[in-house]
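Hi,

Have a look at it first, then read on.

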Amino acid sequence: MERTFLAIKPDGVQRGLVGEIIRRFETKGFTLVGLKFQQVSRELAEQHYGVHRERPFFPTLVEFITSGPVVAMVWEGDGVIASARKIIGATNPLSSEPGTIRGDFGINIGRNLIHGSDAPQTAQNEIALWFKDEELVAWQPHSKLWLNE
Ligand code: DAT
Ligand code: MG
């Protein structure tokens, strides 16, 4: 079953949007299989955003993601990687469609509330970076039969 890594960034936590953001993935029908609330180390932040290392915004990005606690999550479901990216919205909240998380709650690219893996390989790498195998829970949601034909 497909899995993706999502993280509510420090702005989402500080603005009291944790419940609202989690609700959107829950009510869509995806399954939560991993969840932790943590202060991110500089080392983890730099590894997570390693692909952006040479970009001018890299130092402020790392500064921001380590500035307060984040909610790290793994979600499961058919098509969850691409669907979660749609639910999250475009990178710059001013361009994100209303109805998306960034479109509904953000106005600045450096405060865009949530991270989501962008492809299967990235999802696999990010899940392994943030979670140990034993921190992920395989379970059968009772709603499964009512969500799938
Ligand atoms: P996304 O988070 O939509 O996958 P990304 O991977 O391109 O976007 O960039 C990672 C984060 O870096 C993004 O959520 C916000 C920040 N960022 C991206 N482009 C930026 C820019 N041009 N200026 C400032 N911050 C930027
Ligand atoms: Mg990205």
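Which helices and strands each supply at least two residues of the lining of the largest pocket? They are helix 4 (58-65), strand 4 (114-116) and helix 7 (120-130), where helices (H or I, at least four residues) and strands (E, at least two) are DSSP runs numbered from the N terminus. Helix 4 gives the largest share, three residues.

Before the rest, some housekeeping. This is a predicted model, where local features need pLDDT of at least 70 and side-chain atom pairs count only at pLDDT 80 or more, while totals for chains, interfaces and linings use all residues. Residues are numbered from 1 along each chain as its sequence is written, chains are lettered from A and ligands numbered from 1 in the order in which they are written, and side-chain values use heavy atoms, without hydrogens and water.

The largest pocket holds about 550 Å³ of space. (On a 1 Å grid over the protein atoms alone, a pocket is an open set of points where a 1.4 Å probe fits, with protein on both sides within 12 Å along at least five of seven lines; lining residues have an atom within 4 Å of a point.) It is lined by 22 residues, and Tyr-49, His-52, Phe-57, Leu-61 and Thr-91 are the closest to its centre. By class, the lining has six nonpolar, ten polar and six charged residues.

Ligand 1 takes up this largest pocket (more than half of its atoms lie within 2 Å of the grid points). Around ligand 1 (a heavy atom within 4 Å) are residues including Lys-9, Ile-109 and Asn-112. Three side chains place a polar atom by a ligand oxygen: Arg-85 at 2.8 Å, His-52 at 3.0 Å and Arg-102 at 3.0 Å. Of the 510 Å² of accessible area that ligand 1 has on its own, the protein covers 75% (Shrake-Rupley method, 1.4 Å probe).

The second largest pocket has about 270 Å³ of space. Among its 14 lining residues, Gly-29, Gly-77, Asp-78, Leu-147 and Asn-148 are the closest to the centre.

Best wishes

Technical notes
Points joined across faces, edges and corners; volume = space filled by probe spheres on them. Nonpolar A, V, L, I, M, F, W, Y, C, P; charged D, E, K, R; others polar. Polar contact = N/O pair within 3.5 Å; in protein donor to acceptor, adjacent residues only side chain to side chain.
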